[in-house]
Each structure stands twice: as structure tokens, then as C-alpha cells.
Amino acid sequence: MKYLILLGFLASVSFILNCQDNQTRPNVSDQFVVMIDPAHGGPDPGFISSNWIFEKDIVLQITKKLASQLEKGGFKVLLTRSADHFLSIQERIQLVKKIRPAVFISLHTNATKDSSKQGLYTYYQADNPQSILLDSLFHTVNRELAFMSDNGSQPASFYILTQSPAPSLMIDVGYLSNPAESTRLTDSCFQEQIARVIHEALVRYHSQVATAQK
Ligand SMILES: [Zn+2]
């Protein structure tokens, strides 16, 4: 019995450790800049859940975890905002046009009247094959890791996608309208796992694009 308890303890410790992504992959080109855009901010909270969780906070927390993972993996990372302040979508796009990142990822949360709805959803640029590739890799990784319900994706003509000169993806990282999911989304380890799915998709994307350019 003690042995089983010890095994259970070790399993939970390894789960805690696994929620950190400590893999290092130093062979990323300096030219490969990932720009991450945590939506909303400042006076614009985005969606507010029934238990007072703000979309602007969740996406910023996940952005910071993703940036840290990517930097450890050798990626160069830039953020549209790193604190709780507001930027219009035009200002965000101006930054993308100025920096010209290899990839631009905008993070939101989702919401709907059906409070049981949960999981990830993405929007990509219909006319950009690299955006379609990144979207496909993101869902492949999420399904492989069997981490979150996957509701798929669609092409979209949102300003931030149509005006971005970079291959772009908008990710809804879960439903704040679902009370259980909104609570999960505040969990640091859960946020780390979402970041890990995006990170792994970017590793695969980088390797495919780099191979295609050789
Ligand atoms: Zn939003």
C-alpha cells in the first residue's frame, strides 16, 4: 500500500515537472521572429466570465509562458503588449508591419451562450499557405497530446488576419463562458500546457519552412 502511495506521489511530481517545457532546441534561425499578440488589455477586458475572470489577463499570462518556452527553445520572441495596457488592432498591425515577424499569433478566449461548450478554436488566413500549414500543425499537436477538446478551425477575414503581412493564426484558447474551463484557464500548469501545444506547433512549422527553403 505504501508502495502504491509512493508511486502515486511520484506520478504527481512527474506531472508537475512535465507541465514545464524544459526542452532546448538551439538551432532556430535569428531571422525567425515569433510575434505574440495577447488581445485586449487596459480598459478593454475582453470577455468577463461569471466568476470574474478577464480574457485580457488569461491571454497575457499564456503569452508570457509561451514567450518563455520559445526563448528557451532558441526562438526570438516579440510581444505586442507585455503588460495590462490597451493597443488598438491598427496599432497591433502597425507593429507587425514594422517588425515583419516570421509568424504572428494572436491569442483570445472564446465565449458562447452554451455554457457546456469547451476547447480550442483557431482562425487562419485563407490565402496564405503558411498560415494554413501552421494551423494544421497546431491541431495535429493538440490532438497528439490529447490535451484540450479541439473544435477545429476556419479561414477568417478579421482585420488582424487580413492586414497582417506575416503568416498568422488567431487562437481561441478555451471558453471563458464555461465555468469549469474558465477556472482551468487560470491554472498556471494548464496555461503552460496550452503554451506547449503552440510551442511544439511552431517547432514543427519552423523545421518544415526551414527545410523547404534549403
Ligand atoms: Zn477576444
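1. Going along the sequence, the protein chain reads α-β-α-β-α-β-β-α-β-α-β-α-α, with seven helices and six strands. Helices (H or I, at least four residues) and strands (E, at least two) are DSSP runs, numbered from the N terminus. Bear in mind that this is a predicted model: local features need pLDDT of at least 70, side-chain atom pairs count only at pLDDT 80 or more, and totals for chains, interfaces and linings use all residues. Residue numbers start from 1 along each chain as its sequence is written.

2. The six strands form an open sheet in the order β2-β1-β3-β6-β4-β5, and the pairing is mixed (two strands pair if DSSP finds at least two bridges between them). β2 (76–79) and β5 (150–155) sit at the edges with a single partner strand each, so one side of each has no neighbour in the sheet. On average, neighbouring strands are turned by 20° against each other, direction ignored; axes are lines fitted to C-alpha atoms, for helices over the stretch in contact, and angles run from 0 to 180 degrees between N-to-C directions.

3. β4 (residues 120–124) runs parallel to β5, joined by four bridges, and Thr122 has Ser153 in β5 as its bridge partner. β1 and β2 are also parallel with four bridges; there, Val33 is partnered by Lys76 of β2.

4. Have a look at helix α2 (residues 55–72), which packs on the sheet and touches β1 (33–38), β2, β3 (103–110) and β6 (168–175). Contact means C-beta atoms, placed from the backbone, within 7 Å. The direction of α2 makes about 145° with that of β3.

Conventions: Two residues are in contact if their C-beta atoms, placed from the backbone, lie within 7 Å.
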